[in-house]
Amino acid sequence: MGSNIRLALRNILRNKRRTFLTCLLVGSGLAILMFVDGLMLGMSDMMIRKVTSTWLGEAQIHAPQFRRDLDAAFYMEKADELARRAEEVPGVEAAAPRTLVTGMISSSGNATGGAIYGIDPAREKHVSRLNEALVEGEMIAQDARQDILIGYKMADLLDVEIGDRIVVTATELLSGEIAQSLFFVSGYLRFNDRAMDSSMAFISYAAGQKLLALPGAAQEIAISIDPEADEKAIVANLNSSLKDQNLEILGWWELAPDIASILAMQEFGLWIMALILFILVSLGLINSMFMSIFERHYEFGVMLGLGTRSSKLFSLICWEGALIGMWGAALGLGMGALANAWSARYGILFGKGTSEFAGLTLSEPVFNQFSITQFTGLPAFVVLLTVLACIIPAIHAARLTPSEAMRRAI
Amino acid sequence: MTVIIKTEKLSRHYGKGNVMVKALDEVDLEIDQGEFTAIVGPSGSGKTTLLQLIGGLDRPSSGDVYLKGTKVSAMAPRALSDFRRDHIGFIFQAFNLIPVLTAKENVEYIMLLQERPRAERHEKAMAILESVGLKDMADRRPSEMSGGQQQRVAVARALASEPDIILADEPTANLDSKTGAELIDMMKEFNEKNGVTFVFSTHDTKIMERAKRLVRLVDGRISEDIRQ
């Protein structure tokens with residue numbers, strides 16, 4: 001085998017330009033795949049962060065039937081204690097209880113339905129980026145009773161400005177009576193998410209409990225998890241730690257299954273794209289190998305005539321392909337790593353913050369990420385496909401008879 | 001004398017029907033061990049075809065070839081490859097050598113196929129190159145050698161496997177007369193010293209003069225068979 005590899009190496013160095021161009025073809029394919037993989041990872045990361053850190057959190061705790069209809073009647077008692085217990089689970093960074101009620105929000109000019117969240121600003125800032133979404137006005141004070149933050153699209157709809165009055169109409173949980181509460185707009189929020197900007201409002205945690213006439217209770221506890229930790233393991237630990245409480249504890253992938261599906265499809269899509277890309281690269285490679293073989297027909301005839309077995313000739317061509325694949329992969333690794341490094345540093349901004357993907361606005365640059373797959377799985381895939389592409393030319397060479405090979409060359 | 005090459009009603013056709021060409025037409029031939037035989041004839045007479053069929057480089061359309069009593073025309077491809085490797089040496093008209101191998105490596109190539117140990121290959125290759133006067137060219141590639149030198153390396157390679165038969169297809173066609181004569185004399189010497197059977201396909205009168213036997217082909221048939 002060593003002699004075959006040596007011969008293969010010398011053969012591909014016969015025409016250095018062609019070999020270089022073929023390696024460049026293979027390497028470019030790998031570099032593209034690496035870059036796209038890095039871009040998809042960056043996009044996934046951005047999407048997950050956008051989904052989780054904007055408002056959702058990495059996990060949430062609810063009463064078992066709450067999420068079916070977002071019915072405030074399914075609440076958790078002693079929410080503060082539950083939040084404290086959740087924070088004791090290793091890997092959980094913070095837990096923020098929230099009240100939630102759906103109701104009518106009206107101004108002197110208009111009215112709309114919406115979700116009114118009661119939040120504790122001091123704890124909320126460790127779980128979500130609500131304060132970063134504030135574009136005008138002031139964040140709700142910890143014990144504010146009548147301050148309300150609304151999405152900027154809601155403000156347009158209600159035709160209100162900062163300081164204007166808003167009436168929230170909701171059902172008190174225990175009595176079942178309709179109650180109205182007066183608030184004053186303290187600020188506008190911009191999430192760059194259509195649904196959130198037009199249908200969410202925020203009051204203080206205390207105001208929320210008063211609105212529902214339910215002291216100490218909350219409908220939701222949002223959880224933030226250490227970014228270095230295994231999210232699924234932490235959620236499992238939360239379930240285990242709080243199993244005595246009959247709660248539903250879900251990770252973001254269960255709370256936003258459409259995003260999780262998109263991410264899974266992205267990975268599948270990458271391999272499909274890799275296959276298609278390499279079918280195209282293979283066609284170029286097959287052409288290059290056939291040219292090389294046709295030029296050497298007579299030489300193959302001589303080798304076969306001397307007693308070289310067809311299998312050895314087949315192996316020789318495959319080794320030539322493998323060497324080209326390996327060199328091409330090395331070239332591609334360098335190019336791909338550089339491209340990813342550049343994008344990891346400077347990022348790629350899609351459409352200056354106006355592009356949307358899967359319902360999320362891409363308002364910040366996407367930064368490529370490196371992964372082990374880019375340096376192991378993808379190059380191995382490339383080398384394997386390169387060798388597979390050489391099988392057809394190798395079979396052609398192996399099927400030659402000595403006289404036929406010498407005749408064709410003439 | 002032992003018959004080492006035997007053909008029985010050996011034929012080779014190309015094409016079919018109205019466009020069939022009979023390159024060889026029922027040739028019966030016997031060559032004894034140690035003979036220095038030249039197959040001669042005009043272009044298109046079937047010389048190269050006969051040589052290729054004898055050497056197992058091609059399959060006959062009909063008839064049989066026996067080498068050392070073995071029916072090579074019916075051998076499976078892999079067995080035929082191995083038989084060629086171990087019993088037949090080839091010298092082609094041109095482009096004999098593997099261009100990316102040095103002279104020594106070209107000579108070693110057959111021994112590599114025979115899976116001989118490295119030290120043995122090296123020693124024998126150098127000895128044979130010395131016998132053809134090319135020891136100093138051992139590390140040169142074919143592109144760095146003249147046509148005559150390349151053919152001498154081809155002869156060295158053919159001898160390296162210690163074959164019983166050497167088949168040479170127009171080995172002097174691309175050489176000047178002096179170089180060609182030297183090459184033929186070298187092969188004649190090997191024939192006489194080692195008893196290796198040589199069969200040439202040739203137009204070269206120098207080979208014809210030195211051959212002990214002349215087999216003349218015309219239109220794929222033997223028209224004359226002269227022992228000189």
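Domain bounds here come from an automatic or database domain assignment. On that basis, the centres of domain 1 and domain 2 of chain A, taken over C-alpha atoms, are separated by 51 Å. The structure is a predicted model. Chain A is in contact with chain B, and the two chains bury about 2,100 Å² between them.

**Domains of chain A**

- Domain 1 of chain A is assigned to residues 2–52 + 259–409.
- Domain 2 of chain A is assigned to residues 64–246.

**Interface of chain B and chain A**

- The contact involves 27 residues of chain B and 21 residues of chain A.
- Of the area of about 2,100 Å² buried between chain B and chain A, 57% is on carbon and sulfur atoms.
- The rule finds two salt bridges across this interface.
- A salt bridge joins the side chains of A:Arg309 and B:Asp82, with an N to O distance of 2.8 Å.
- Eight residue pairs, both residues at pLDDT 80 or more, are in polar contact across the interface of chain B and chain A.
- On the side of chain B that touches chain A, the elements giving two or more residues are helix 2 (77–87) and helix 3 (103–113) of chain B.
- The residues on that side of chain B comprise 14 nonpolar, five polar and eight charged.

**Salt bridges over all chains**

- The count by this rule comes to 34 salt bridges over all chains.
- In chain A, the side chains of A:Arg98 and A:Glu124 meet in a salt bridge at 2.7 Å, N to O.
- This pair links distant parts of the chain, with A:Arg98 in strand 2 (residues 92–106) and A:Glu124 in helix 5 (residues 121–124) of chain A, 26 residues apart.

**Aromatic pairs**

- Over all chains, the structure holds 14 aromatic pairs.
- A:Tyr117 and A:Phe202 form a stacked aromatic pair, at 5.8 Å centre to centre and with 20° between the planes.
- Because A:Tyr117 lies in strand 3 (residues 111–119) and A:Phe202 in strand 8 (residues 200–204) of chain A, the pair ties together parts that are 85 residues apart in sequence.

How values were computed. Residues numbered from 1 in each chain as written. Chains lettered and ligands numbered in written order. Predicted model: local features only at pLDDT ≥ 70, side-chain atom pairs only at ≥ 80, totals over all residues. Heavy atoms only, no water. Contact = heavy atoms within 4.5 Å. Buried area = accessible area lost by both parts, 1.4 Å probe. Salt bridge = Lys/Arg side-chain N within 4 Å of Asp/Glu carboxyl O. Polar contact = N/O pair within 3.5 Å; in protein donor to acceptor, adjacent residues only side chain to side chain. Helix = DSSP H or I, 4+ residues; strand = E, 2+ residues; numbered from the N terminus. Nonpolar A, V, L, I, M, F, W, Y, C, P; charged D, E, K, R; others polar. Phe/Tyr/Trp six-rings, centres within 6.5 Å; stacked < 30°, edge-to-face > 60°.
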